[in-house]
Amino acid sequence: MFTSSYKIYGQKNSKVVIVFAGWGVRQWHLWLLGQLFTSYGFKAIILTWDKTLLTTDPGLTVQHFMSVKNKCLEIISQLPKRQQQHLSLFALSQGTGVALMVANAVPRLESIVLNLSGADLAEIVWTWSKTVPELKKSLRKKKFSLSSLKKLWAPISPVNNLSQIKVKRVLVYLAMRDERIPFTQQERLVAAFKEHGIPVNGIINTRHHHLLSELINLLKFDIYMSFLKGERTNTLLRGH
């Protein structure tokens, strides 16, 4: 049975950031991040879930994504009004898809930070012949094609969850050598933000692969903390 959970840091702080974990990330992995957010004046709500968020059953995958989205919206609805008015989202890899579903469903946000993301979930998974071969192999064995998967996963693909977003600023981390999320998918997502008139900035890692890029981005916390607080709104380092 699929489950998700959350933990709160800095309960009394007025500004709120909801953190969406990446694949396989557990609460204890993000303990230090929660402490960092607290020290910077944020109330951090960290969401984690089972590894089965993404499954070989496309319909069940959509249900899992929706389940985490709905849990997050319920958490937001229970926040005091003053905290709902100072809300930001911070997401890692797999969690960026859920984060954008939430962003597309709330009235307004201060900031969104996406630590490695892409435009279309189905197209991303279809490139995993070497990185996560068993998932794609199982999907093909069940007679799913890329086109059928795109239709089934349309509701949970990041590029399809931008139209209603109202946010002051977005920061997207990209990695040119990412073996899990093709760089073209990352660029497409940034372009889609612009097409929807959403103010977006990007930081590009040109040297490292997925996991190392994600970790390096996390370690350079002064950048995203300043961005979340609105102190650094032009972080574009290359391209876009």
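**Around Phe37**

Author: Phe37 is buried, as its relative accessible area is 0%. The model is a predicted one, and the account below starts from this residue and follows its partners.

With Phe90 it makes another tilted aromatic pair, with 4.9 Å from centre to centre and 55 degrees between the planes. Phe90 belongs to strand E4, residues 87–92, while Tyr224 is in helix H10, so this pair joins parts that are 134 residues apart in sequence. Phe90 is buried too, with a relative accessible area of 0%. Ring pairs connect Phe37, Phe42, Phe90 and Tyr224 into a cluster. Over the whole structure, a search finds five aromatic pairs.

Two packed helices are described by the angle between their axes and the distance between the axes. Helix H1 covers residues 31–39 and helix H10 covers residues 221–228; their axes come within 11 Å and cross at roughly 45 degrees. An angle of that value lies between the 35 degree limit for roughly parallel and the 65 degrees where roughly perpendicular begins, so H1 is oblique to H10. The crossing of the two helices is right-handed. On the H1 side, the residues that meet H10 are Leu33, Leu36 and Phe37; on the H10 side they are Phe221, Tyr224, Met225 and Leu228. Sorted by class, the residues of this contact are seven nonpolar, no polar and no charged.

Tyr40 counts as partly exposed, because its relative accessibility of 28% lies between the limits of 20% and 50%. Setting aside neighbours within four places in sequence, Tyr40 is in contact with Phe221, Asp222, Met225 and Lys229. Of these, Phe221 and Met225 are also among the H10 residues that H1 meets. Between Tyr40 and Val25 there are 15 residues in sequence and 23 Å in space, taken from C-alpha to C-alpha.

For comparison, here is another helix pair. Helix H2, residues 58–77, and helix H4, residues 95–103, have axes that come within 9 Å and cross at roughly 50 degrees. H2 and H4 are therefore oblique to each other, and H2 passes H4 in a right-handed crossing. From H2, the contact uses Phe65, Met66, Val68, Lys69, Cys72, Leu73 and Ile76, and from H4 it uses Gly97, Val98, Met101 and Val102. By class, the residues of the contact of H2 with H4 are nine nonpolar, one polar and one charged.

Note on methods: Residues numbered from 1 in each chain as written. Predicted model: local features only at pLDDT ≥ 70, side-chain atom pairs only at ≥ 80, totals over all residues. Heavy atoms only, no water. Axes fitted to C-alpha atoms, helices over the stretch in contact; angles between N-to-C directions. Helix = DSSP H or I, 4+ residues; strand = E, 2+ residues; numbered from the N terminus. Parallel < 35°, antiparallel > 145°, perpendicular 65-115°, else oblique. Left-handed = near helix turned anticlockwise from the far one by under 90°. Contact = heavy atoms within 4.5 Å. Nonpolar A, V, L, I, M, F, W, Y, C, P; charged D, E, K, R; others polar. Phe/Tyr/Trp six-rings, centres within 6.5 Å; stacked < 30°, edge-to-face > 60°. Buried < 20%, exposed > 50% of the residue type's maximum accessible area, 1.4 Å probe, protein only.
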